[in-house]
Amino acid sequence: MKPFIILTFPRTGSTYIRTWFNHHSMIRCHGELFLPSYKHVDGFKYHCETIIGDKILAPILSNFYIQKIPFVSMPQSYVDSYMQRLLYDQNFPSPWVPFHDKDQPETVGSLNKPWVGFKAMYNHVYCNRHLQRWIEEKGFTILHLVRENLLKQYVSLRRMKVTGKSHSCTKVTKATPVAIDIHRLEHHIEKMMKRIEYFRNIYATNHPYMEFTYESYFRNPVKIRKQITTFMDVPDEEMQDSKNQKTSTNVLEREIANATEVVRWIEKTPYAHFLEAYS
């Protein structure tokens, strides 16, 4: 058993990559297992419910405000028993099958694979000291997925919050334009740059570590696939792509309602190169 995590942040294509991983004969990759609102049976939330009992914990964990709080206060024994099951129990639930792959469930989710991993957002790791301990003690391999263009990442994040849709399986012809608050955008870019560097410094020197970007994958998926399979020392199989579609039109005026204001500000900053993605 070789444990790994896809360490990332929202709107980086991580669901696409996770689904793609599960089509490999030697890689099993679960979703955001430590997300408080994760509803699938392989998640930590479900594990906690079965330990204490649905009547006691389920109503608490389903509370909207509780879901906003990471599992930072959960007992260490809960995390230990959960991680033990995830990594070593052959009866652990398979990775959930995305709705667009229900017609071919035999191609994803097999437990009989040497690589076992899951997707973790920065806050899932940062706020869970017990999970951090497992990552350190078991020598997890870190696949650090980042997004170079934090302007597009922020626009995508805002659009998701406005529309309530995180993914699409149909070809996007028109994105929903969103208004961008300049001060919040600036704060977001600075915060994300610091967090990327923070996790890079923690794991790059102490773990098997590979960093790749959303942009590099979609520019040349075959090249990145070969780099990842070489890094993980698994066969370079031609894995099936996810049917998820990007929700971007790459047209600035169609994505940002106040595009002129955003351009005027960003052109005076070190982030002006983010506009190149819209040219």
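This is a predicted model: local features need pLDDT of at least 70, side-chain atom pairs count only at pLDDT 80 or more; totals for chains, interfaces and linings use all residues.
Which residue has its charged end over the ring of Y214? That residue is R147, whose charged end lies 3.9 Å from the ring centre. A charge counts as sitting over a ring if NZ of Lys or CZ of Arg is within 6 Å of the ring centre and within 35 degrees of the ring normal.

Residues are numbered from 1 along each chain as its sequence is written, and side-chain values use heavy atoms, leaving out hydrogens and water.

Y214 also belongs to an aromatic cluster, together with F4, Y16, W20, F21, W115, Y217 and F218. Across the whole structure, a search finds 21 aromatic pairs. Here, rings of Phe, Tyr and Trp (its six-membered ring) pair if their centres lie within 6.5 Å; planes under 30 degrees apart count as stacked, over 60 as edge-to-face and the rest as tilted. One of the pairs is F34 with F118, tilted at 50° with 5.9 Å between centres. F34 lies in the loop between β2 (27-30) and α2 (44-52) and F118 in strand β3 (residues 115-121), so this pair ties together parts 84 residues apart in sequence. Helices (H or I, at least four residues) and strands (E, at least two) are DSSP runs, numbered from the N terminus. F34 is buried at 4% relative accessibility, and F118 is buried at 1%. Buried means under 20% relative accessible area, exposed over 50%, and partly exposed in between (1.4 Å probe, protein chains only).

A nonpolar core is a set of buried Ala, Val, Leu, Ile, Met, Phe, Trp, Tyr and Cys residues joined through side-chain atoms within 4.5 Å. The largest one has 52 residues, and M83, F118, V125 and L151 have the most contacts inside it. Helix α9 (residues 182-203) supplies the largest share of this core, seven residues. Leaving aside residues up to four places away in sequence, L151 touches L185, I256, V262, I266, F274, L275 and Y278, where contact means heavy atoms within 4.5 Å. A second, separate core of 19 residues includes W20, W115, L145 and M232.

Finally, the cysteines: C29 is buried at 0% relative accessible area, whereas C127 is partly exposed at 25%.
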